[in-house]
Amino acid sequence: MMGCSVRNEEFMKEKSKVILLPCDSYREEAVYEQLKTGIRLLGGLEAFVKKEDKILLKPNLLKRAEVEKAVITHPAVVKAVGRLLKEYGCRKVILGDSCGTGTTKKVIRGTGMDQALEELGIPAVDFSDGKPVVYSQGIQAREFVLPKEIRECDSIFSLCKMKTHALERITGAVKNSYGFVYGFHKAKGHTQYPSADSFARMLVDLNRFVRPKLYIMDGITAMEGNGPGSGDPVSMNVLLLSADPVALDSVFCRLIGLDPRLVPTNDHGEKMGLGFWQTERISLLTPDGPLSMEEAVKTYGKPDFKVDRSAVKNGIWEKMARALNLFQKKPYIDKEKCIRCGICVKSCPVPQKALNFSKGKGQPPVYDYKKCIRCFCCQEMCPEKAIKVK
């Protein structure tokens with residue numbers, strides 16, 4: 001019993017390092033120098049990779065979009081990380097993502113990321129050969145369908161984007177890993193794990209299984225409001241780095257005045273042993289030295305950042321309302337913005353489809369909320385920002 005008590009005390013003293021790097025532009029040299037400094041503060045690349053490793057860079061490539069809209073990880077961030085790995089001596093580096101719509105090569109075409117990768121000799125790959133892998137330690141999910149490129153790599157760097165999310169409130173480090181799941185199995189996952197909590201627990205299991213070595217968050221220009229694909233760009237002027245994705249996402253939350261406990265991936269992430277969300281368990285560092293969370297929020301925070309900060313209510317009436325599908329968040333279509341492209345219908349993971357053109361192609365799709373599982377894939381994929389959540 002004595003030994004157990006000592007181990008518990010040591011665990012309670014453990015802290016996760018998060019590096020906060022001020023950066024107010026995507027100028028290539030500025031991003032490169034800041035990330036070089038940030039990685040040094042975490043112990044250098046030698047703390048995360050071996051030169052002979054097969055390394056996968058995994059950005060957020062939700063869908064094809066102009067870089068300025070903050071939908072995808074900025075090419076300057078990707079290029080800086082790739083350049084640092086190449087300078088360190090890593091030769092087996094690739095980039096890929098299981099995109100929300102389209103493929104890696106199609107999404108990055110014309111964004112500048114394709115050109116940057118070509119300059120560095122880093123191939124962009126479209127994930128292939130998805131096969132089920134068993135994770136016996138999983139709490140929510142014990143099997144994932146992963147592509148060959150994930151199964152065969154030695155190290156993964158997750159290059160996430162600072163954005164809001166209709167289901168989980170934010171999408172950052174933990175959520176970025178959903179792009180490891182192969183192809184249509186991502187849509188299937190929404191039907192298997194339809195609630196924010198079950199989906200978050202699955203994401204935590206996925207991170208625990210795949211275990212990216214380093215998470216780098218592009219927050220120079222973030223997305224607020226109707227994220228992750230239809231929100232508005234907003235300057236946050238920071239880059240965040242950590243080996244702990246929960247701590248990283250929690251710092252993101254603090255900077256935008258959002259209680260980290262309200263984000264299911266943070267709450268379940270700490271309970272399931274992925275990382276820490278509590279401020280006292282996070283060591284925040286900058287190029288100028290340690291920084292308190294209060295000072296970070298004061299200096300780099302944006303309290304008017306548009307994000308869902310509403311409290312979760314778990315009383316008997318709220319539980320009954322959820323059971324009866326009442327007073328829940330629902331996607332709806334702005335008829336003035338809808339162009340009747342049908343991408344939302346194709347994106348719906350429900351086999352019988354929760355929305356369709358029942359009134360004809362001349363009218364926007366119509367929802368059947370009895371079938372809707374509130375995954376908000378339709379809202380994520382809409383190219384015209386015509387779908388919102390209320």
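Okay, let's start with K58: leaving aside residues up to four places away in sequence, K58 touches G96, D97, I156, F157, S158, L159, N176, G179 and F180, where touching means heavy atoms within 4.5 Å. Before I go on, this is a predicted model, so local features need pLDDT of at least 70 and side-chain atom pairs count only at pLDDT 80 or more, while totals for chains, interfaces and linings use all residues. Residues are numbered from 1 along each chain as its sequence is written, and side-chain values use heavy atoms, with hydrogens and water left out.

So where does K58 sit? It lies in strand β2, residues 54-59. Strands here are DSSP runs of E, at least two residues, and helices are runs of H or I, at least four, numbered from the N terminus. Is K58 buried or exposed? K58 is buried, with a relative accessible area of 2%. For that scale, buried is under 20% relative accessible area, exposed is over 50%, and partly exposed is in between, using a 1.4 Å probe and protein chains only.

Now on to helix α3. Its 14 residues should span 20 Å at 1.5 Å a residue, and the end C-alpha atoms are 20 Å apart, which agrees. The expected span, by the way, is 1.5 Å times one less than the number of residues. Of those 14 residues, 11 are buried, so α3 is largely enclosed by the rest of the structure. Among the buried ones are V77, V81, L84 and L85, and also the lysines K79 and K86.

What does α3 pack against? Helix α3 (residues 75-88) packs with helix α5 (residues 113-120) at an angle of about 10 degrees, their axes 9 Å apart. That makes the two helices roughly parallel, the label for angles under 35 degrees. On the α3 side, the contact includes P75, V78 and R83, and on the α5 side it includes M113, L117 and E119. The contact residues divide into 6 nonpolar, 1 polar and 4 charged.

Last, the cysteines. Searching the whole structure gives 0 disulfides, meaning pairs of cysteine sulfur atoms within 2.5 Å. C99 is in no disulfide, and its nearest cysteine sulfur, in C377, is 14 Å away. C99 is buried, at 11% relative accessible area. For C341, the closest cysteine sulfur is in C382, 6.2 Å away and too far for a bond. C341 is partly exposed, at 33%.

Methods. Axes fitted to C-alpha atoms, helices over the stretch in contact; angles between N-to-C directions. Parallel < 35°, antiparallel > 145°, perpendicular 65-115°, else oblique. Nonpolar A, V, L, I, M, F, W, Y, C, P; charged D, E, K, R; others polar.
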